[in-house]
Amino acid sequence: MGKTRNCIACGMPMTRPEDFPGGDATKDYCVHCARPDGSMQSYGEKLDSMTGFMVKTQGLDPGAARKLAAGMMSRLPAWKDLSRNSP
Ligand SMILES: [Zn+2]
């Protein structure tokens, strides 16, 4: 108990119940990676939202942000296998 877990889809540390979708700490992904119904977002959905986030927060152009987002996601457990198949 008390060990920090990281979201498999975005890498965010999940330390509080409200970091989990619906407060369900058995989930491997965080509230930001969940759909409103509590299921995990797809690769495409997460790529879109990470791209949008970086455009907004870092002022990158969408093409550069998308490449950066894809690179980050390729290192996360949820997408590792996916990105190996589609370089
Ligand atoms: Zn996440």
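**Entry 1: the pocket**

I sorted the lining of the largest pocket by class and got 6 nonpolar, 3 polar and 1 charged residues. Here Ala, Val, Leu, Ile, Met, Phe, Trp, Tyr, Cys and Pro count as nonpolar, Asp, Glu, Lys and Arg as charged, and the others, Gly among them, as polar. The model is predicted, so I kept its limits in mind: local features need pLDDT of at least 70, side-chain atom pairs count only at pLDDT 80 or more, and totals for chains, interfaces and linings use all residues. Residues are numbered from 1 along each chain as its sequence is written, and side-chain values use heavy atoms, with hydrogens and water left out.

I then listed the lining: Cys10, Met12, His32, Lys46, Ser49, Met50, Phe53, Met54, Gln58 and Met72. A pocket is an open set of points on a 1 Å grid over the protein atoms alone, where a 1.4 Å probe fits, with protein on both sides within 12 Å along at least five of seven lines; lining residues have an atom within 4 Å of a point. The largest pocket holds about 250 Å³ of space, taken as the space filled by probe spheres set on the points.

Which element gives the most to this lining? I found H1, with 6 residues. Domain 1 (1-41) and domain 2 (43-85) each supply at least three residues. Those bounds come from an automatic or database domain assignment.

**Entry 2: the zinc ion**

I looked up the protein donors of the zinc ion: Cys7, Cys10, Cys30 and Cys33, each through SG, at 2.2 to 2.3 Å. Donors are N, O and S atoms within 2.8 Å of the metal (3.2 Å for Na, K and Ca).

Along the chain, the donors follow the spacing C-x2-C-x19-C-x2-C. Cys7 sits in the loop between strand S1 (5-6) and strand S2 (13-14), and Cys30 in the loop between S2 and helix H1 (43-58), so this pair, 23 residues apart, links distant parts of the chain. Helices (H or I, at least four residues) and strands (E, at least two) are DSSP runs, numbered from the N terminus.

Are Cys7 and Cys30 buried or exposed? Both are buried, meaning under 20% relative accessible area, with exposed over 50% and partly exposed in between (1.4 Å probe, protein chains only).

**Entry 3: two more residues**

Thr15 is in the loop between S2 and H1. I note it as exposed, because its relative accessible area is 56%.

Val55 lies in helix H1. Val55 counts as partly exposed, because its relative accessibility is 29%.
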